Amino acid sequence: MPVEITWWGHATCTVEDSDVRVLTDPLFARRLAHLRRRRGAVPPPEAWRADVAVVSHLHADHLHVPSLARLAPGTRLLVPRGAPRAVPGLRRLTHLRVTEMAPGDETDAGPVRIRAVPAEHDGRRLPVGPRRSPALGYVVEGEARTYFAGDTGLFEGMAEEVGPVDVALLPVGGWGPYLGEGHLDAGRAAEALARLAPRSAVPVHYGTYWPIGMDAVRPHEFHAPGEEFVRRAAQRAPAVAVHRLAHGESVRPVVTP
């Protein structure tokens, strides 16, 4: 079947390609520390089904041990190199088959190949610990080539490192009123789209979680990034079909024949 993308909220997506289900940065919590899910239902058990789950970096909203614990026994889990050492909870997930990845590493899941690519982001398990693991993106190559960027800023050689792709899942916002270094906002994500030149794109990492008690602080940073990305992408990369999904919604994007 054609590749199908489902956005569950934040950076959590299912990429189904060649009958292989790849789950990105699983986060199934209603609340995470000071963050509360403000839009979209908590992903249902259907979202937990995966052949492979990939984790882009060690931040708790991307590597969430309780969510990973819900994955079925035998699920493959790809994590940045050094993650089990930096996050002891990972070592307790003995029902998962964990593989550590670094930029350039590849692994196969049936007919699908998954390649780790660099990301420009501080991937430490904050607030403690030295930088022990790289932040990663992943390219899922089956009938289509789908790029999941994780968290990243723009960086030199981005298009060359990622390579040709058909679909780009790009972060366009965050979970607070301000974005720090190593992130894409709607404008920078549109620039990334122009560099990568995929056939289709899906904006992610916005409009899901927000700090408790800060609903009235710069609310446009929560509500607006998806629509703003659609507008900016039409200006910077008009040939790309942008699919702005609702939480739990799926799309089968057009890919290169």
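Predicted model: local features only at pLDDT ≥ 70, side-chain atom pairs only at ≥ 80, totals over all residues.
## Nonpolar cores

Nonpolar side chains in soluble globular proteins tend to be buried together. In this model the largest nonpolar core contains 50 residues. Within this core, the residues with the most contacts are Tyr138, Tyr147, Leu170, Leu193 and Phe229. Helix α5, which spans residues 186–196, supplies the largest share of the core, namely 5 residues.

Another core lies apart from the largest one and has 20 residues. Its members include Ala47, Leu58, Val79 and Leu93.

## Helix α5

The buried residues of α5 are Ala186, Ala189, Ala190, Ala192, Leu193 and Leu196. These residues lie on the same side of α5, because they cover an arc of only 155° around the axis. Leu193, one of the buried residues of α5, is also among the residues with the most contacts inside the largest nonpolar core.

Which elements cover the buried residues of α5? Among the strands are β12 (145–148), β13 (167–171), β14 (200–204) and β16 (241–242). The helices α4 (158–162) and α7 (225–236) are also included in the cover.

## The ends of α5

At the start of the helix, Asp185 places a side-chain oxygen within 3.2 Å of the backbone nitrogen of Gly187. At the other end, α5 is followed by Ala197, a residue in the loop between α5 and β14.

Most residues other than glycine have a negative phi. Ala197 is not a glycine, and its phi is positive, near 50°. Is Ala197 buried or exposed? Its relative accessibility is 54%, so Ala197 counts as exposed, the cut-off being over 50%.

Asp19 sits in the loop between β2 (12–17) and β3 (20–24). With a relative accessible area of 61%, Asp19 is exposed.

Rolling a probe the size of a water molecule over the atoms shows where empty space is left. For this model, the count is 1 cavity of 30 Å³ or more. The largest cavity holds about 30 Å³ of space. Its lining is made up of Gly173, Gly174, Gly176, Leu179, Glu221 and Pro225.

One of these lining residues, Gly174, is found in the loop between β13 and α5. The relative accessible area of Gly174 is 9%, so Gly174 is buried. Not counting residues up to four places away in sequence, Gly174 touches Leu179, His205, Tyr206 and Tyr209. Of these, Leu179 also lines the largest cavity. Gly174 and Leu90 are 84 residues apart along the chain, and their C-alpha atoms are separated by 25 Å.

## Pro211

Pro211 belongs to strand β15, residues 209–211. With a relative accessible area of 5%, Pro211 is buried. Leaving aside neighbours within four places in sequence, Pro211 is in contact with His34, Leu35, Trp175 and Gly176. Gly176 is also one of the residues lining the largest cavity.

How far apart in space are Pro211 and Thr6, C-alpha to C-alpha? The distance is 25 Å, and the two residues are 205 residues apart in sequence.

## Two aspartates in loops

Asp61 is in the loop between β6 (52–54) and α2 (65–68). Its relative accessibility is 8%, and the limit for a buried residue is under 20%, so Asp61 counts as buried. The side chains of Asp61 and His62 are joined by a polar contact of 3.4 Å. When neighbours within four places in sequence are left aside, Asp61 is in contact with His10, Leu27, Leu32, Trp175 and His205. Trp175 is also in contact with Pro211, and His205 is also touched by Gly174.

Asp122 is placed in the loop between β10 (112–118) and β11 (136–141). At 23% relative accessibility, Asp122 counts as partly exposed. Asp122 and Leu184 are 62 residues apart in sequence, and their C-alpha atoms are 13 Å apart in space.

Key:
Residues numbered from 1 in each chain as written. Heavy atoms only, no water. Core = buried A, V, L, I, M, F, W, Y, C linked by side-chain atoms within 4.5 Å. Buried < 20%, exposed > 50% of the residue type's maximum accessible area, 1.4 Å probe, protein only. Helix = DSSP H or I, 4+ residues; strand = E, 2+ residues; numbered from the N terminus. Arc of directions from axis to C-beta. Contact = heavy atoms within 4.5 Å. Polar contact = N/O pair within 3.5 Å; in protein donor to acceptor, adjacent residues only side chain to side chain. 1 Å grid on protein atoms, 1.4 Å probe; cavity = no way out; pocket = protein on both sides within 12 Å on 5 of 7 lines; lining within 4 Å. Points joined across faces, edges and corners; volume = space filled by probe spheres on them.
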